[in-house]
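Hi,

Here is the structure I said I'd pass on. Have a look at it first, and then read on for what turned up.

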Amino acid sequence: MNGHFAAVGNGPTADYEHGIQVIDDDKAFKFVTTPTHLNEYLAQTHVAEAGFNYHLISVFGSQSTGKSTLLNHLFGTEFSVMSESERRQTTKGIWMSKNKKERADGGALKMAENILVMDVEGTDGRERGEDQDFERKSALFALATSEVLIVNIWEHQVGLYQGANMGLLKTVFEVNLQLFVKDRQSQTRSLLFFVIRDHIGNTPLANLRNTLIQDLTKIWSSISKPQGLENSKIDDYFDFAFATLPHKILQPDKFLTEVENLGARFTAGHRSTKDQEFSGGVFLPEYHRRIPADGLSVYAEGVWDQIVNNKDLDLPTQQELLAQFRCDEISREVLVAFDTVIAPLEEQQAEATRLGKATVLPDLGALGVAAREKAVKAFETQASRYHKGVYTVKRGELESKIDSRLKALYQAQLSAAHKAGVTAFSDAVTGSVKAGQKAGGSYEFAEIVGKQKKKTLEVFKKEAQSLAIPGVSWSNFKPQYRLFEKELDEVSGRLRKEEMRRLAIRVERWVKSRLGDAIGLEFNKLGSGRGGTGAPEEGEKPPTEKDLWDRIWYVFTGIVTEAETRFTDRAKSFDANEDEVQVGLWRLRRKSWVALRERIDEEVMESNILMKLRENFEDKFRYDEEGVPRIWRPTDDIEGIYTKARESTLGLIPLLSRFRLAETYAPPDLPAFIGLQPAGAEPEDEEDLAPIGGVDEEEGKSLEEEMTVLSESKRQDLVVRFKKMADGVYVEAKRSAIGGITQ
Ligand code: GDP
Ligand code: MG
């Protein structure tokens with residue numbers, strides 16, 4: 001259709017020499033075909049990053065009144081202008097370009113930053129039939145976006161109330177009210193800047209201005225106002241500014257100077273007094289549409305879409321939609337940055353989990369909080385410029401997205417720290433105990449546990465604290481800390497139990513070794529036949545065969561009592577509780593008894609006991625009452641002595657057969673000695689315990705049986721063997737007596 005324009009701005013690599021066509025000839029907003037078009041232009045011209053620090057100006061007026069020419073001179077733009085010779089309409093649709101003169105400092109022209117100018121197709125209807133429609137639409141579009149509307153008119157058009165410009169202004173007023181019906185809270189106003197062209201100079205600007213204001217007021221009163229806005233006044237919505245320019249062709253130099261002066265007015269301004277006079281430039285804050293620059297293209301597209309489809313243009317809704325769109329976009333962007341920090345950490349963690357390793361990631365808390373802070377700050381900087389309500393909701397959504405990621409990371413981190421901590425603790429305690437054992441066994445278990453627990457807790461606490469995010473309640477990990485401490489206590493308990501077992505084994509060994517000597521000694525006394533060798537010590541009742549078991553019981557209980565004291569002292573030193581000590585002592589007594597029984601069994605093993613009986617017998621048979629060896633003579637009553645000694649020794653066998661105390665002629669009170677199973681005992685405490693008759697009743701073995709040292713058959717067997725042996729000794733004695741005579 002129009003080759004020259006189509007060539008411009010059609011591709012993403014377009015140079016924007018002529019600016020960018022925002023609305024094309026067919027009134028399709030350009031984004032429809034190239035969605036990133038305006039965005040890209042704004043990015044390339046660095047307007048996109050300016051937030052609210054930009055300005056939008058639209059120019060209105062009849063065709064071929066030098067609008068494009070004016071803009072090009074004012075802002076250094078390169079909008080197409082009608083060639084002098086052809087006199088055909090040139091500007092099509094709506095174009096936008098950034099002011100190229102803003103950096104021209106030093107001279108008179110010092111303009112506001114980031115001025116965007118929209119060159120709107122003229123509206124004369126000479127070449128377009130549907131002008132009225134486009135006029136409305138473009139006016140609506142300009143009012144929804146621009147701060148300043150430049151109205152370009154010839155001097156000779158001023159006062160022509162019925163002229164085309166007046167029609168345009170009527171349209172502007174009407175669509176403006178239309179917008180305010182939907183947006184009553186709005187504080188925004190617009191500046192109508194009349195630039196009067198070809199000013200000859202006969203009529204001063206002040207007069208032209210009065211005429212124009214009169215006409216404007218007339219138009220305002222003539223338009224039909226929507227319900228509720230019937231009494232609104234023109235200056236509720238508009239400010240006016242005026243300027244004249246000389247004839248460009250007839251007074252080219254003067255034209256340029258005046259344009260320069262005009263340009264100097266495009267700076268930021270404010271109201272100096274209540275009479276609404278400007279101070280500074282024309283850009284008053286209340287003109288700004290408050291659309292952040294990075295949302296301008298989306299907003300403009302949405303607005304145009306509504307306009308083109310003849311929908312009621314509802315700016316608050318547009319702003320909300322824009323906010324939702326942009327907040328989502330910004331959220332995605334900041335999450336990408338967040339991801340680059342967090343995703344690798346998540347992967348590391350997942351990998352560790354796969355391998356079953358408890359990996360504590362270094363600096364996780366610092367990395368996490370920095371990434372979170374950065375994301376939220378970045379979001380806040382950009383998104384907070386948008387609709388407050390939407391922004392607040394979206395910020396909450398972003399935070400919860402971020403937090404759910406961090407929460408998962410942190411929880412996994414703490415469970416790794418938990419596992420690693422428990423292992424470290426357990427290893428450290430075990431290691432110290434081993435080192436202590438190697439160094440001679442002098443170590444304080446409770447001290448080791450206390451020291452390692454403190455150390456391990458400190459490490460965990462530091463990790464948990466490093467994960468805390470200020471002001472974020474889920475990042476308080478006190479419950480996890482308490483859980484960890486509880487587990488350490490459980491581990492300590494287990495380790496203490498093991499230590500108790502080791503202690504028990506040591507004490508049991510000690511008991512066994514003591515019993516080995518002491519019980520052997522008691523049995524050896526049997527061999528003497530008089531209950532002992534050598535003279536009894538002063539005050540000591542001479543031992544007799546009859547109180548063998550009393551002595552054994554006495555020695556045994558003495559050793560066990562001493563062992564109990566050793567066990568208790570040591571166990572208390574590593575903080576074992578009363579229950580644990582009681583269980584340990586109960587086990588110790590049982591094991592000691594079993595050790596004693598084994599020791600006794602060893603003593604009464606056939607070969608051993610037979611030898612003892614023989615010694616006992618020989619002691620009585622071969623020695624007289626004074627302990628002097630007998631020399632047998634044929635006259636001696638060998639048989640009588642033999643029978644006496646044999647019967648005496650034989651009398652030992654029933655004594656040896658049962659563990660009985662002389663005084664009561666009953667077994668010792670073993671059940672009372674061992675005591676009831678303590679309340680604190682657990683099944684594992686009974687695991688390696690042999691049943692004891694009379695103590696463990698359900699075992700079906702009585703105390704009597706437990707105390708049986710020699711069974712009936714063994715006893716008889718022993719009698720037979722002993723007699724044979726004694727007979728041998730007797731025959732030998734006989735022979736030696738006879739031999740003594742023959743000699
Ligand atoms: P637009 O259609 O309003 O954008 O007008 P153009 O800028 O394309 O200019 C239309 C014609 O008016 C061109 O031939 C210009 O040379 C001419 N023109 C531009 N400025 C002036 C001016 O200040 N006075 C007069 N008389 N003609 C002008
Ligand atoms: Mg033009």
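Let's start with one pair of side chains: Arg326 and Asp294 form a salt bridge, with their closest N and O atoms 2.9 Å apart. Arg326 sits in helix α9 (residues 315-355), while Asp294 belongs to the loop between β9 (278-280) and α8 (296-308), so this pair ties together parts that are 32 residues apart in sequence. In general, side chains of opposite charge can pair when their charged atoms come close. Searching the whole structure gives 47 salt bridges.

Before you go further, keep in mind that this is a predicted model. The mean pLDDT of the protein is 87, and 89% of its residues reach 70 or more. Residues 1-13 have a pLDDT below 50, and beyond near neighbours in sequence that stretch has 16 contacts in the model. Residues 531-540 also stay under 50, with seven contacts beyond four places in sequence. Where pLDDT is low, the predicted coordinates should not be read in detail.

Now for the sheet. Seven strands make up an open sheet with mixed pairing, in the order β1-β3-β4-β2-β5-β6-β7. At the edges are β1 (20-23) and β7 (238-244), each of which pairs on one side only. From one strand to the next, the twist averages 25°.

Ile150, for instance, has Phe193 in β6 as its bridge partner. Helix α3 (residues 67-75) lies across β2 (55-61), β4 (115-120), β5 and β6, and runs at about 165° to β4.

The other thing worth a look is a pair of helices. α10 (residues 364-383) packs against α11 (residues 388-438) at an angle of about 170°, their axes being 11 Å apart. An angle over 145 degrees counts as roughly antiparallel, so that is how α10 runs relative to α11. On the α10 side, the contact includes Leu364, Val369, Arg372, Val376 and Phe379. From α11, the residues taking part include Tyr391, Leu398, Ile402, Leu406 and Tyr410. What kinds of residues make up the contact of α10 with α11? Twelve are nonpolar, three polar and six charged.

That's what I have for you. Happy browsing!

Conventions
Residues are numbered from 1 along each chain as its sequence is written. Chains are lettered from A and ligands numbered from 1 in the order in which they are written. This is a predicted model: local features need pLDDT of at least 70, side-chain atom pairs count only at pLDDT 80 or more; totals for chains, interfaces and linings use all residues. Side-chain values use heavy atoms; hydrogens and water are left out. pLDDT is the predictor's confidence in each residue, from 0 to 100. Contact means heavy atoms within 4.5 Å. Two strands pair if DSSP finds at least two bridges between them. Helices (H or I, at least four residues) and strands (E, at least two) are DSSP runs, numbered from the N terminus. Axes are lines fitted to C-alpha atoms, for helices over the stretch in contact, and angles run from 0 to 180 degrees between N-to-C directions. Angles under 35 degrees count as roughly parallel, over 145 as roughly antiparallel, 65 to 115 as roughly perpendicular and the rest as oblique. Ala, Val, Leu, Ile, Met, Phe, Trp, Tyr, Cys and Pro count as nonpolar, Asp, Glu, Lys and Arg as charged, and the others, Gly among them, as polar. A salt bridge is a side-chain nitrogen of Lys or Arg within 4 Å of a carboxyl oxygen of Asp or Glu.
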